[in-house]
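Trainee: I would like to go through the labels used for this model. Please show me the structure, and I will ask what stands behind each term.

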Amino acid sequence: MTSTRVSDLATAFDGDPNALADMYRRMRLIRQFEDRAARLYRNNEIPGFLHLSIGQEACAVGACRALDDRDVVTSTHRGHGHCIAKGLDVEGMFAELMGKETGTCRGRGGSMHIADPRKGIFGANGIVAAGLPIAAGAGAAAQLRAEGGVVLAFFGDGAVAQGMFHEAANLASVWQLPVIFFCENNKYAEFSPIATQTRASLADRAPGYAMDYHHVDGNDVAAVASLVGGLVRDLREGGGPVLVEADTYRWHGHYEGDPEKYREPEELAEWKDRDPLVRVAARLRELGTDVAPLDAEVDKEIEAAVDAARAAAEPSPDTLHHFVGVPREPVPEPPEAAGEIFRTMDAIRGALDHELAADDSVFLAGIDVGAGGNVFGLTRGLAEKYPGRVRDTPISESAIIGAGVGAAMAGLRPVVELMYFDFVGVCLDQLMNQAAKLRFMTGGAVSLPMVVRTQFGAGKSSGSQHSQSLEALLAHIPGLTVVMPSTPADTYGLLRAAIRDPNPVVFVENRLMYGRKGPQPPPSHLVPLGRAAVRRSGTDVTLVSYSKLVHDCVDVAEELAGEGISVEVIDLRTIAPLDTATVLQSLAKTGRLVVAHQAVGDFGVGAELAAVAAREGFWTLDAPVLRVGAERTPAPYAPSLERVWLPSKERIASAVRESARA
């Protein structure tokens, strides 16, 4: 490990007027873009939040100078400069800030989410430090491709206090990823001086990640470019992650409109005396280059961009639902499986094996999925069969899911494992605010073909933090697909379909079914996402369920047939999107609806189906919709309490009888 300090314009660029002029022009473009954006905001021409980087231009331009089309940058909520430095056009950016259809993200992202993944700009991010796990995923993709790609991950000093910073830095170190973690230390985390936010410096932290640390004057563009250029060359040749800290300063407040009561005017004046543009302009004049033509050229470009953005149309209201997800290719329902008997755990391993063999862009990552073969042995042998593509991770759920997001944005098809469904709260941001929203926020510029495999399963005294069925939580988030299979054959076919899908899919298994047996389908077996299956035909009551409880419902239907009640059992298979058509078709036949699931009854899938029935199936309803779910308490540990908490066959049967007799 090394620690260096780089300063002074006496670098490789000092005597190169062409390079300095190019960097000056780009810095000037950022400065003028930000200045004009501030004025547009004051005139109410920019409707949303605005965070400006005036004063920090040298960091963006110097750090991005060595990058090319192979490379990726991740950014912060103060990301305009990073985008321009990586090559984004200012006309589209102005239009985006104004919420226009011609905007970089078609008016869906705005300032805090501006991005163009097609140019390797994975975007500004409204969540502090959230871009860092994504950078690790992009780094993993670059490493697997072995084409020399590098990731430059910008973050502010305030992000160091986030767990995502630690998780991403640690994962990048463990995997030796080609990532430069670039801290723009502008001295303030929102309104707070950095000294009040953390006691350990980045120089102190770097050895904990076994990373080299480099310090640079962030207002010296040549020094930044010289340092990062050397680091990029090292990473292209196989070097591991490094940590760079650039001292700089933002001239404006945390956001436009910030009253800035937290700093003194003298401090700002001192930093303005170190204006990075003035420093380069002075050196260019010493070398005989006049910057006035460059200034005029930039001013003209800015004026033309603003005029074009003002003239552009707003997105049409009828495009509201565009870009939430990639439309799926229709997949026919396959024939019933009729092969030799196999287990659900075999189905999972078989589906993963099939897709790893068929597509080099598929890789697996998670806690103990490699050498350990997964805590349940589901991935055993795959790491040896596919070297480098089945990866163990630290116990870092945000980094795991974020790495999946970044790798998917980079064009891979990651399958990342969340060991227990209950742990979704630890990494919810990467699912809710990143995976689910990035296609929409980029105006369709990126797809997120990733799968999050996880499992749940109450009934074996696993307690409140290892038993929860939380599908309704994720189904509520637009952009996520949630799958919960009930049979070995469907597990195989749905998992393969999920891996091939261009959208983020959460694949939820029930661990109590890993040993469940059923007929094996052929290797080509694919089950369509978003389509329910009728497990048993009936005419009196429609009984809807999914996952393990489907089998209890089929047993109940067989029992009640002896009482003269004909029950149709529907297995949803996919929770989001919900196949309401199949449910309503059955309801039109039976007139009665009962929904059973292991999740807590309130605000769940049953509630959603009840609302659908009341709205779209009202005239076919002959009885109230009934729901059977877990009691509204955390999952208990004691078996006597857990039996009462879980929906039993007796409770399901009682509800069906009540519906039939209503």
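Mentor: Start with a contact: the side chains of D71 and R236 make a polar contact at 2.6 Å. Keep in mind that this is a predicted model.

Trainee: What makes the pairing of D71 with R236 a polar contact?

Mentor: The cut-off for N or O atoms is 3.5 Å. The side chains of D71 and R236 come to 2.6 Å, so the contact counts.

Trainee: Where is D71, and why is D71 called buried?

Mentor: D71 is in the loop between α2 (57-64) and β2 (72-74). Buried means under 20% relative accessible area. D71 has 1%, so D71 is buried. Leaving aside neighbours within four places in sequence, the contacts of D71 include K86, K119, G148 and R236.

Trainee: Which residue is the bridge partner of V72 in β3?

Mentor: V151 is that partner. β2 and β3 pair in the parallel sense over three bridges.

Trainee: How do you know that β2 and β3 count as paired?

Mentor: Pairing needs at least two bridges. β2 and β3 have three, so they pair. β3 and β4 (residues 179-185) also pair in the parallel sense, over six bridges. There, G156 stands opposite E184 in β4.

Trainee: What makes β3 mostly covered?

Mentor: Five of the six residues of β3 (residues 151-156) are buried.

Trainee: How many residues of α4 are buried?

Mentor: Seven of the eight in α4 (residues 90-97). Among them are V90, M93, F94 and L97. The cover over the buried residues includes α1 (17-42), α3 (80-85) and α11 (292-311).

Trainee: Now the rings. How many aromatic pairs does a search of the whole structure find?

Mentor: The search finds 10.

Trainee: Why is the pair of Y249 and W271 called stacked?

Mentor: Centres must lie within 6.5 Å, and planes under 30 degrees apart count as stacked. For Y249 and W271 the centres are 5.2 Å apart and the planes are at 5°, so the pair is stacked. Y249 is in the loop between β8 (242-247) and α9 (265-272), W271 is in helix α9, and they are 22 residues apart.

Trainee: Are Y249 and W271 buried or exposed?

Mentor: The limit for buried is under 20%. Y249 has 1% relative accessibility, so Y249 is buried. W271 has 9%, so W271 is buried too.

Trainee: Why is the pair of F376 and Y514 called tilted?

Mentor: Stacked needs under 30 degrees, edge-to-face over 60. The planes of F376 and Y514 are at 55°, so the pair is tilted. The ring centres are 5.2 Å apart. The two residues are 138 residues apart in the chain.

Trainee: What puts the charge of R391 over the ring of W175?

Mentor: The distance cut-off is 6 Å from the ring centre. The charged end of R391 sits over the ring of W175, 4.9 Å from its centre. R274 lies over the face of W271, at 4.1 Å from the ring centre.

Methods:
Residues are numbered from 1 along each chain as its sequence is written. This is a predicted model: local features need pLDDT of at least 70, side-chain atom pairs count only at pLDDT 80 or more; totals for chains, interfaces and linings use all residues. Side-chain values use heavy atoms; hydrogens and water are left out. Buried means under 20% relative accessible area, exposed over 50%, partly exposed in between (1.4 Å probe, protein chains only). Helices (H or I, at least four residues) and strands (E, at least two) are DSSP runs, numbered from the N terminus. Contact means heavy atoms within 4.5 Å. Rings of Phe, Tyr and Trp (its six-membered ring) pair if their centres lie within 6.5 Å; planes under 30 degrees apart count as stacked, over 60 as edge-to-face and the rest as tilted. A charge sits over a ring if NZ of Lys or CZ of Arg is within 6 Å of the ring centre and within 35 degrees of the ring normal. A polar contact is a pair of N or O atoms within 3.5 Å; within protein, one must be able to donate a hydrogen and the other to accept it, and residues adjacent in sequence count only if both atoms are side-chain atoms.
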